[in-house]
Amino acid sequence: MVFALPLSLLLSAAPSLDVPVTHAELPNGLKVIIAPDRTVPGVIINLLYHVGSRDEQPGRTGFAHLFEHLMFMGARYVPYPQFDTLMEAGGGVNNAFTSYDITDYYSIGPSNLLETFLWMESDRLLTLGQEMTQEKLETQRKVVLNERRQSYENVPYGKVEDALPPALFPKGHPYSWPVIGSAADLRAATLQDVKGFFATWYVPSNASLVIAGDIEPPQALALVNRYFGFLPKRPAPEQVVAPPAKLTSEVRLQLTDKVDLDKVVIAWFSPREGTPGDATCDLLASILGRGKASRLYQRLVYRDQLATEVDVAQETRELQSVFTVSALARPGVDVHALEKAIDEELARLKAEGPTLAELEAARTLVYTGAARRLESLLSRAQYLNQLQLTYGPTATVKRDLDRYEGATPATVREMANKVLGPGRVVVEVRPEPKVANAQEMK
């Protein structure tokens, strides 16, 4: 038998969650977080820009993700392909990702590469917009269009990623298109469009920098001032906002794809990032579908053997989050049988609420998840940057985890009834009809 300790006891027994950091803000508005850790022989810099696909305009979607690629095309003092070759020659690596709300860049390597990392990032922020050319745009446009084909259009069940956002959110809402944007909008992007996007969003006042690893904070901060302090101050761009979207009834989508098994995806609106309701929905997702002991896994995979996979997630976003349940059918199982079993389990949870043991196990998963995020330099730096964005300079890991402490079986049941209502989108994905080949047709 496994006993789950209350989160308060786990926190008091785990001082490693108290990550020592130094906060600073440069005169130009760049926010800086320095997190020394001399137990690792390396360093990471994580530069987060507060711009995502939600900050695009209808007809010009996909720019945030396109810039994730364009930022590696080189700038004035580190032209392409030197950004990668210089870093890799010293044992470093780099990458980036884009979401609805942010674009995140990171570089990892030996500690002696810190100054090189900062110099190259400063060059990109200062000169990349001026050095952008039609040739660079065309190169990365082709890369992104190919990525779209591979990740959305030709990947099994990838059609859901395209179809779900406009079904959930009204036309024109900042979350009503996928992060990668539409192929038509990407093809229509002009060089002037791209330069304008960079000039608006890629400014020091819209960025935060985390440096973590084997560093001395005073020296690290001195290097930040050297390479970023001279950049001119520009007003922070106005973030795109939108009123909460609402669904009063069920919306159903029926898709076919080049797959062998049925799949169902159900989505509801849920509380936005950083709120107590967001934390409660995270616990609800854990109780329903994280791990083999979760309710839906036990019902769909073990007991009824209707599904091979179950996933439940609170997809946290700044403006409005999305709660999703998805299940992949076993061979021969119809998607409606899956949906019926899911609805029965949701109804049972809404009527009875979780047990205290289920809730404590879910809280334990939250704690262990946070602890795992702090184990590696990369996930630690990204976590600290996200905390700063959500809570400001007073952000701490403990403050983030404290949101989960007040949840009770009654409050989780109340949230389930509030979120998991009739206003939802249900996506059914079925295999495309088999086309007989010439031999079979004879």
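Here are some notes on the cores, the salt bridges and one surface patch of this predicted model.

1. Ground rules. Residues are numbered from 1 along each chain as its sequence is written. In this predicted model local features need pLDDT of at least 70 and side-chain atom pairs count only at pLDDT 80 or more, while totals for chains, interfaces and linings use all residues, and side-chain values use heavy atoms, with hydrogens and water left out.

2. The main core. A nonpolar core here is a set of buried Ala, Val, Leu, Ile, Met, Phe, Trp, Tyr and Cys residues joined through side-chain atoms within 4.5 Å; buried means under 20% relative accessible area, exposed over 50%, and partly exposed in between (1.4 Å probe, protein chains only). The largest such core has 59 residues, and Leu 288, Leu 300, Phe 323, Ile 342 and Leu 420 touch the most other members. Helix 10 gives the largest share, 7 residues. A second, separate core has 54 residues, including Val 43 and Leu 231.

3. A closer look at helix 10. Helices (H or I, at least four residues) and strands (E, at least two) are DSSP runs, numbered from the N terminus. Helix 10 covers residues 276-289 and holds Asp 278. Is Asp 278 buried or exposed? Asp 278 counts as buried because its relative accessible area is 4%. Leaving aside neighbours within four places in sequence, Asp 278 is in contact (heavy atoms within 4.5 Å) with residues including Arg 272, Thr 316 and Arg 403.

4. Salt bridges. Side chains of opposite charge can pair when their charged atoms come close. With a salt bridge taken as a side-chain nitrogen of Lys or Arg within 4 Å of a carboxyl oxygen of Asp or Glu, the whole structure has 36 of them. One of these joins Arg 38 and Glu 216 (2.9 Å, N to O). That pair links distant parts of the chain, 178 residues apart: Arg 38 is in the loop between strand 2 (31-36) and strand 3 (43-49), and Glu 216 in the loop between strand 6 (207-213) and helix 9 (217-228). Arg 38 is partly exposed at 48% relative accessible area, and Glu 216 is partly exposed at 39%.

5. A buried pair. Glu 345 and Arg 299 also form a salt bridge, with their closest N and O atoms 2.9 Å apart. Glu 345 sits in helix 12 (residues 335-352) and Arg 299 in helix 11 (residues 295-303), 46 residues apart. Both Glu 345 and Arg 299 are buried.

6. A network. Salt bridges link Glu 250, Arg 252, Asp 262, Asp 334, Glu 339, Asp 343, Arg 424, Glu 428 and Arg 430.
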